[in-house]
Amino acid sequence: MEFFIETLVGGLLAGTMYSLVAIGFVLIYKASGVFNFAQGAMLLFSALTFVTLHEKGLGFLPALLVTAAVMGLGAVLIERWVLRPLVNRSQITLFMATLGLSFILEGLAQGLMGAEVRALDLGIEDTPLELGGVLLSRFDLVAAATAGVLVAVLALLFNRTRIGMSL
């Protein structure tokens, strides 16, 4: 029974990460009307940017701020050069454009930052935490709590702000 509970809780904790991906797709679609297949490549590019900057000696917070600036600039460029010219086009055109964009971003990331596997130590131990005979991953618990906070903030944003309600 303990194994079943561990597996169930582990699956639920992993599901919180998938829910964030789904929320990202929904937010982009609701805001722009475009199902952005390049979202994963944009996440990959930002993660590689952060890890590369951190490996080059930049501290956690400065690397995070530079990464946010790079991704903000990238988002503006993508909107201006790729998505804006495709306004009022068919869904298949938008699908192909975002799919092609994902290939471009992945290639650009590999060209600029290399293709080797990298690790990032966030300072969260991935040791099991025993609760009532059930072993749970500390890292998964922190990730799920972070996801919960992010979902709560998004819910407040969409229910309490003018921009959120208009979206």
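**Close-up views of a predicted model**

**View 1. The β1–β2 hairpin.** Two residues sit between β1 and β2 in this hairpin, and Gly-132 in the turn has a positive phi of about 60°. Strand β1 covers residues 128-131 and β2 covers residues 134-137; they pair in the antiparallel sense over four bridges (pairing takes at least two DSSP bridges; strands are DSSP E runs of at least two residues, and helices H or I runs of at least four, numbered from the N terminus). Look for Leu-129 opposite Leu-136 of β2.

This is a predicted model, so to speak of local features pLDDT must be at least 70, while side-chain atom pairs count only at pLDDT 80 or more and totals for chains, interfaces and linings use all residues. Residues are numbered from 1 along each chain as its sequence is written, and side-chain values use heavy atoms, without hydrogens and water.

**View 2. Helix α2 against helix α3.** Here α2 (residues 39-55) packs on α3 (residues 60-83) at about 145°, with the axes 9 Å apart (axes are lines fitted to C-alpha atoms over the stretch in contact, and angles run from 0 to 180 degrees between N-to-C directions). Among the residues making the contact are Phe-45 and Phe-50 of α2 and Leu-64 and Val-70 of α3 (contact means heavy atoms within 4.5 Å).

**View 3. Ser-46 in α2.** Ser-46 lies in helix α2 and counts as buried, at 16% relative accessibility (buried is under 20% relative accessible area, with a 1.4 Å probe and protein chains only). Its side chain reaches the backbone oxygen of Leu-43 at 2.9 Å. Leaving aside neighbours within four places in sequence, Ser-46 touches Thr-67 and Met-71.

Methods. Buried < 20%, exposed > 50% of the residue type's maximum accessible area, 1.4 Å probe, protein only. Polar contact = N/O pair within 3.5 Å; in protein donor to acceptor, adjacent residues only side chain to side chain.
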